[in-house]
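I set down here, in order, what I looked up in this structure.

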Amino acid sequence: MATITAIQRKLDKLNADKSEVLKQKLEAIQRILVKCVKCHKKSRLGAWSFVQGRWYVEPYSCTGGDYWNFNKTETCHITCPKCGDENYIYNHPQKNKIVELVDGHHFSTEKIFKGVTEKFRR
Ligand SMILES: [Zn+2]
């Protein structure tokens, strides 16, 4: 039993270390500066808000459709914390960096950004 207890203690320590490192990684992502295409001011990614686009699938046949899908990150918007403008990620000069930061690290948009809203378009 002492062996199992010792192993469990090691696992607990590893899990605590992993949580701490993940927190540091998230904070590093949030510190990356993103420049607004409208006011040209830079803000930390974590200060921006994310606007999740949603698109509608019309009903078809007897049971198909009538639901909302999620846009890919590159076709969503982010809202500048300084001027409130919605920057379209697809046309943003830092598009590749933003998409990589949002999609590449297994953190939800709710964790990365200051806020998340949804925009529905038929
Ligand atoms: Zn701005």
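**Entry 1: the helix α1.** I then looked up burial, where a residue is buried if 20 or more other C-beta atoms lie within 10 Å of its own, exposed if 12 or fewer, and partly exposed in between, with C-beta atoms placed from the backbone. Of the 30 residues of α1, the number buried is zero, so α1 lies largely in the open.

**Entry 2: the basis.** I note that this is a predicted model, in which local features need pLDDT of at least 70 and side-chain atom pairs count only at pLDDT 80 or more, while totals for chains, interfaces and linings use all residues. Residues are numbered from 1 along each chain as its sequence is written.

**Entry 3: the whole chain.** I found three helices and seven strands in the protein chain, in the order α-β-β-β-β-β-β-α-α-β from the N terminus. Helices (H or I, at least four residues) and strands (E, at least two) are DSSP runs, numbered from the N terminus. The radius of gyration of the protein chain is 20 Å, whereas a compact globule of 122 residues would have one near 14 Å. This radius is taken over C-alpha atoms, and the globule rule is 2.2 Å times the number of residues to the power 0.38. The C-alpha trace spans about 60 × 50 × 20 Å along its principal axes. Of the 122 residues, 13% count as buried.

**Entry 4: the core.** Which residues have the most contacts inside the largest nonpolar core? They are Trp48, Phe50 and Ile78, in a core of 13 residues. β3 (49-57) and α2 (95-103) each supply at least two residues of this core. A nonpolar core is a set of buried Ala, Val, Leu, Ile, Met, Phe, Trp, Tyr and Cys residues joined through C-beta atoms within 7 Å. Leaving aside neighbours within four places in sequence, I found Ile78 in contact (C-beta atoms, placed from the backbone, within 7 Å) with Trp48, Ser49, Phe50, Val51, Asn87 and Ile89.

**Entry 5: Val34.** I located Val34 in strand β1 (residues 33-35). Val34 is buried, with 24 other C-beta atoms within 10 Å. Beyond its neighbours within four places in sequence, its contacts are Lys42, Ser43, Leu45, Trp48, Gln94 and Ile98. The C-alpha atom of Val34 is separated by 52 Å from that of Ala2, 32 residues away along the chain.

**Entry 6: the strand β7.** I looked for buried residues among the seven of β7 (residues 115-121) and the count is zero. β3 and β7 run parallel and are joined by seven bridges; two strands pair if DSSP finds at least two bridges between them. Gln52 has Glu118 in β7 as its bridge partner.

**Entry 7: positive phi.** Most residues other than glycine have a negative phi. I recorded a positive phi of about 50° for Ser61, in the loop between β3 and β4 (67-70). Ser61 counts as exposed, with 6 C-beta neighbours inside 10 Å. For His106 I recorded a positive phi near 65°; its place is in the loop between α2 and α3 (109-112). His106 also counts as exposed, with 8 C-beta neighbours inside 10 Å.

Note on methods: Contact = placed C-beta atoms within 7 Å.
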